[in-house]
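I opened this model today to look up a few things. My notes follow in the order I checked them.

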Amino acid sequence: MYDPNQNPQPHRRGWISKTIVALAATGGLVVGAIYGPLVWQSAGVAAQTPTSATVTTGAGPVQTLDSSLDEDQAALAALYEQLSPSVVNIAVESVASASEMPNIPGFELPQQDMPQYGEGSGFIYDNQGHIVTNNHVVENATKVTVNFANGFWAAAEVVATDPQADLAVLKVTPPEGMDWIPLNLADDNSLKVGHAVIAMGNPFGLENTMTTGIVSALGRSFPVGSFGENRYSLPDVIQTDAAINPGNSGGPLFDLNGNVVGVNFAIESAAGSNSGVGFAIPVSIVKRVVPELINDGQFDYAYLGLQGSTITAGLAEALGLTDNQLGVYVAEVVPGGPADKAGIQGGNQTVTIQG
């Protein structure tokens, strides 16, 4: 297990499991329609015939510009100006126990607990001072400070966290004189593979950063939460090639209308930085979990109480099933759980899907 908290680079925070990197360094109820839609021209949409302009310098004509590109970059610039004030930097202070520090040959371990620092991203959620980020950004934090794009800052209280969804809610008193603008949340299931998306946050401590890409895949399942019995697979995760790096954790993923479609939280990378495979928690989960964290301090999950796996070609062959028999192989059932009470047994039982 590699722990970026032990990385010699200062002000970095996160976790890596094999090649899965959870980005914990530098990042509902929404009142009103804050940001209107932007005019966007993309492939697959009937577009007007673009006009061209010739750029002339002292050396003569050098380049022909497509005016539609001008419109696209103007739309992105306007989107950034509208949304970036609602995206925040989250500075975290915690304590590293001396007993938990790794034993490195030739290095004398400290005799007392040491402070450690990290950064993350987040975004303004509502008009009550709530900010959404990742659980792993603020986990075990002793002090949290929210830094805003205009240079203001505020001490933050951790209202509640949900390790299973890797979400957390902070609360601050908005600085006096600051325009406090909550972000809009997109409709559930509004994304399709190929849709353009925009990530904002603080990669590597570089505040107010914007990157673009597309939705690479939908419906990914991603392991989150504590290792052991409570390990949970987060469903419907968004995969994107928009550049996401350590520091983007907790920051929003936007569609081209400026609506939050997800919360950036992880990448898959052997190097620990962007390789074109990033992941975001879908807004449908944010809408379910965050209000419960604010109102009740926790989110209660329904569960089946079984451990199993999807039937694949190899598993079907090992179990002696017919080809293309879809379903789930039940390996183990939690005693007294819902699946056990329903009569489902572990071991060799398969729950198949007909049709």
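I started with helix α3, residues 283-296, in what is a predicted model. I counted 14 residues in α3. From its first C-alpha to its last, α3 reaches 20 Å. That is close to the 20 Å expected at 1.5 Å a residue.

Next I asked which residues of α3 are buried. I found V283, S284, I285, V286, V289, V290 and L293. I kept one rule in mind here: an α-helix has 3.6 residues a turn, so residues three or four places apart point the same way.

Then I looked up what covers those buried residues of α3. The cover includes six strands that I wrote down: β7 (130-133), β10 (157-162), β11 (167-171), β14 (232-240), β16 (260-268) and β17 (278-282). I also checked what follows α3 and found G297, with a positive phi near 80°.

I moved on to strand β5, residues 87-96. Is β5 largely enclosed or open, and why? I noted that 7 of its 10 residues are buried, so β5 is largely enclosed by the rest of the structure.

I then traced the partners of β5. Strand β6 (residues 114-124) runs antiparallel to β5, and 10 bridges join the two. I picked out V87, whose bridge partner in β6 is F123. Strand β8 (residues 141-147) is also antiparallel to β5, with 6 bridges between them. Here I noted two pairs. S94 has A141 as its bridge partner in β8. N89 stands opposite N147 in β8.

From β8 I went on to strand β9, residues 153-155. The two pair in the antiparallel sense over 3 bridges. T145 is bridged to A155 in β9. I logged β8 and β9 as a hairpin with 5 residues between them. In the turn, G151 has a positive phi of about 95°.

How big is the largest cavity? I got a volume of about 30 Å³. I listed its lining: V87, V88, N89, N147, F148, A149, N202, E207 and N208. By type, I sorted the lining into 4 nonpolar, 4 polar and 1 charged. Which strand gives the largest share of the lining? β5 does, with 3 residues.

Key:
Residues are numbered from 1 along each chain as its sequence is written. This is a predicted model: local features need pLDDT of at least 70, side-chain atom pairs count only at pLDDT 80 or more; totals for chains, interfaces and linings use all residues. Side-chain values use heavy atoms; hydrogens and water are left out. Two strands pair if DSSP finds at least two bridges between them. Helices (H or I, at least four residues) and strands (E, at least two) are DSSP runs, numbered from the N terminus. The expected span of a helix is 1.5 Å times one less than its number of residues. Buried means under 20% relative accessible area, exposed over 50%, partly exposed in between (1.4 Å probe, protein chains only). Contact means heavy atoms within 4.5 Å. On a 1 Å grid over the protein atoms alone, a cavity is a set of points where a 1.4 Å probe fits but cannot get out, and a pocket is an open set with protein on both sides within 12 Å along at least five of seven lines; lining residues have an atom within 4 Å of a point. Grid points are joined across faces, edges and corners, and a volume is the space filled by probe spheres set on the points. Ala, Val, Leu, Ile, Met, Phe, Trp, Tyr, Cys and Pro count as nonpolar, Asp, Glu, Lys and Arg as charged, and the others, Gly among them, as polar.
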